[in-house]
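Here is a short report on one protein structure. Please look over the sequence and the structure before reading on.

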Amino acid sequence: MLIALDPGRNLGVAWVSLETKLLRHEILTLSDLQTLEFSNVVIVVGDGTGTEAVQKILKARGLDFIVIDEEGTTLEARELYFRDHSPKGLMRFLPRGLWSPPELIDDYAAYAIALRYLRSR
């Protein structure tokens, strides 16, 4: 299993199987990262805004991690979100490019980072 982290104003976290299945996803704070359980997993971290703070916490905890280019993962996150949550009401009639998630999707951005890592292996 791997845990992917999408740093930023919100910390997106995705637990992903090596077969690319999204097992769990959450949006946490940096302080939550200090107590998050990381046993027997590969940790991947996006290289965007806020990555320094996340990497600092992981290093302080003695954890190894892999940094992944996260350019474009926000758009990938939207696609992944709508794959799991079909639009409802009138929004489903809008062109796909106008769909806007009704909630934060940093956890899906973390999932996109995990998928990017798994594809690169």
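The report covers a strand, its partners and the nonpolar cores.

This is a predicted model: local features need pLDDT of at least 70, side-chain atom pairs count only at pLDDT 80 or more, and totals for chains, interfaces and linings use all residues. Residues are numbered from 1 along each chain as its sequence is written, and side-chain values use heavy atoms, with hydrogens and water left out.

**Strand β1**

Helices (H or I, at least four residues) and strands (E, at least two) are DSSP runs, numbered from the N terminus. β1 is mostly covered, with five of its five residues buried (under 20% relative accessible area, 1.4 Å probe, protein chains only). Leu 2, Ala 4 and Asp 6 point one way from β1, while Ile 3 and Leu 5 point the other way. In a regular strand the side chains alternate between the two faces of the sheet.

Two strands pair if DSSP finds at least two bridges between them.

| Partner of β1 | Sense | Bridges |
|---|---|---|
| β2 | antiparallel | five bridges |
| β4 (residues 42-46) | parallel | four bridges |

Ile 3 stands opposite Trp 15 in β2. Leu 5 has Val 45 in β4 as its bridge partner. Four residues lie between the strands in the hairpin of β1 and β2, where Gly 8 takes a positive phi near 155°.

**Nonpolar cores**

A nonpolar core is a set of buried Ala, Val, Leu, Ile, Met, Phe, Trp, Tyr and Cys residues joined through side-chain atoms within 4.5 Å. The largest has 23 residues; Leu 2, Ala 4 and Val 16 are among those touching the most other members. β1, β2, α3 and α4 each give two or more residues to this core. α4 provides the largest share, ten residues. Apart from it lies another core of 16 residues, including Val 13 and Leu 36.

Methods: Buried means under 20% relative accessible area, exposed over 50%, partly exposed in between (1.4 Å probe, protein chains only).
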